[in-house]
Amino acid sequence: MISLDCDDLFDTWRQQARWLLSHSIDPSRVSWSGTQEADLFASDEACPERPGPFRARIPLALLELLERAACYRGEQRWSLLYEVLWRVSHGDRTAMLSGDQLGSELQRRIKQVDREAHHLHAFVRFVSLPAGRSQLAEQPEYVAWHEPAHDILAQASRHFIGRMGRHRWMIATPRDGVYFDGTQLHHQRRCPSAWRQLAQAGEDPGGELWLAYYSHIFNPARLNPRVMQGHLPARFWKHLPEGPLIPALINQARHGKQRDGQASQVAARPGKRIGQPRGDCAGQGPGPSLTMGCLLYTSDAADEGLGV
């Protein structure tokens, strides 16, 4: 068994796979693993250092699929890619299709990566950073913290270049980070601790206003927790400003608020007292006997009645 470590870099894996393929080394003889696993499963068989005689023609579409699937974090992350590459290089292009068992797993991983990129675009919350909060040479104007399930930050974060204009911004994660200086995007495979602290310590000055707005537009009558968590997974709640409100709002909807809507909040608000109208209607007195005509021709009563 040949044990390799590509340091989770697609270009490194591609070079290793090219050499293995040129020597016609079967996927069953190769394993990509980390340093600790390499010590446990090491063998006398070494990886070829130079290309072999075999030359394979690989379609460009396959390379694009492999590069997208390489962002997936999971078991057999790199070994599966080499198995797909091996089959296609030997004339079996069904390994690229979802109808094949191996191709189905490849396509599933690509969908998971694409969905995680969508989560980054949808759930990242930039916070304005006050001047003097950072020790960096060029302090970012906006910072954000995110915890993606796959390695999508380097590519997916380019989405914000057009959205944020020439503002300086930074996104930090537990593994890597990106910083845009207004002209160029910089990616760090190992997120500096200063970046992580800066992103996690950011406070939104308009946070209270946003929470008040979110809690008031929440419609319990249309709540479907399963659908909501399908679009907004619970693992992102802790990093959203409105995250702490969501469990309480769901709980209220389950205990009657889904039927009554916002009736409890409306009932708790103080109302206005309609005073006794003056003029021709003074003899009628307040209450149900008050006619619409009196309200139309009595300015004070009309103003107060329309305001209720």
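In which helix do Arg 108 and Glu 105 both lie, and how many residues apart are they? Both lie in helix H5, three residues apart, which is about one turn of the helix. This is a predicted model. A search of the whole structure finds twelve aromatic pairs, and the structure holds 16 salt bridges.

**Aromatic pairs**

- Phe 126 and Trp 169 form an edge-to-face pair, because their ring centres are 5.8 Å apart and their planes stand at 70 degrees.
- Phe 126 lies in the loop between helix H5 and strand E3 and Trp 169 in strand E5, so this pair ties together parts 43 residues apart in sequence.
- Trp 169 also pairs edge-to-face with Phe 160, at 6.0 Å centre to centre and 70 degrees between the planes.
- Trp 169 is buried at 0% relative accessibility, and Phe 160 is buried at 6%.
- Phe 10, Trp 13, Trp 32, Trp 78 and Tyr 82 are linked into a cluster by ring pairs.

**Salt bridges**

- Within helix H5, the side chains of Arg 108 and Glu 105 meet in a salt bridge of 2.8 Å, N to O.
- Arg 108 is partly exposed at 35%, as is Glu 105 at 23% relative accessibility.
- Arg 189 and Asp 7 form a salt bridge at 3.1 Å, N to O.
- Arg 189 lies in the loop between strand E7 and helix H8 and Asp 7 in the loop between strand E1 and helix H1, so the bridge ties together parts 182 residues apart in sequence.
- Arg 189 is partly exposed at 30%, and Asp 7 is partly exposed at 36%.

Note on methods. Residues are numbered from 1 along each chain as its sequence is written. This is a predicted model: local features need pLDDT of at least 70, side-chain atom pairs count only at pLDDT 80 or more; totals for chains, interfaces and linings use all residues. Side-chain values use heavy atoms; hydrogens and water are left out. Rings of Phe, Tyr and Trp (its six-membered ring) pair if their centres lie within 6.5 Å; planes under 30 degrees apart count as stacked, over 60 as edge-to-face and the rest as tilted. Helices (H or I, at least four residues) and strands (E, at least two) are DSSP runs, numbered from the N terminus. Buried means under 20% relative accessible area, exposed over 50%, partly exposed in between (1.4 Å probe, protein chains only). A salt bridge is a side-chain nitrogen of Lys or Arg within 4 Å of a carboxyl oxygen of Asp or Glu.
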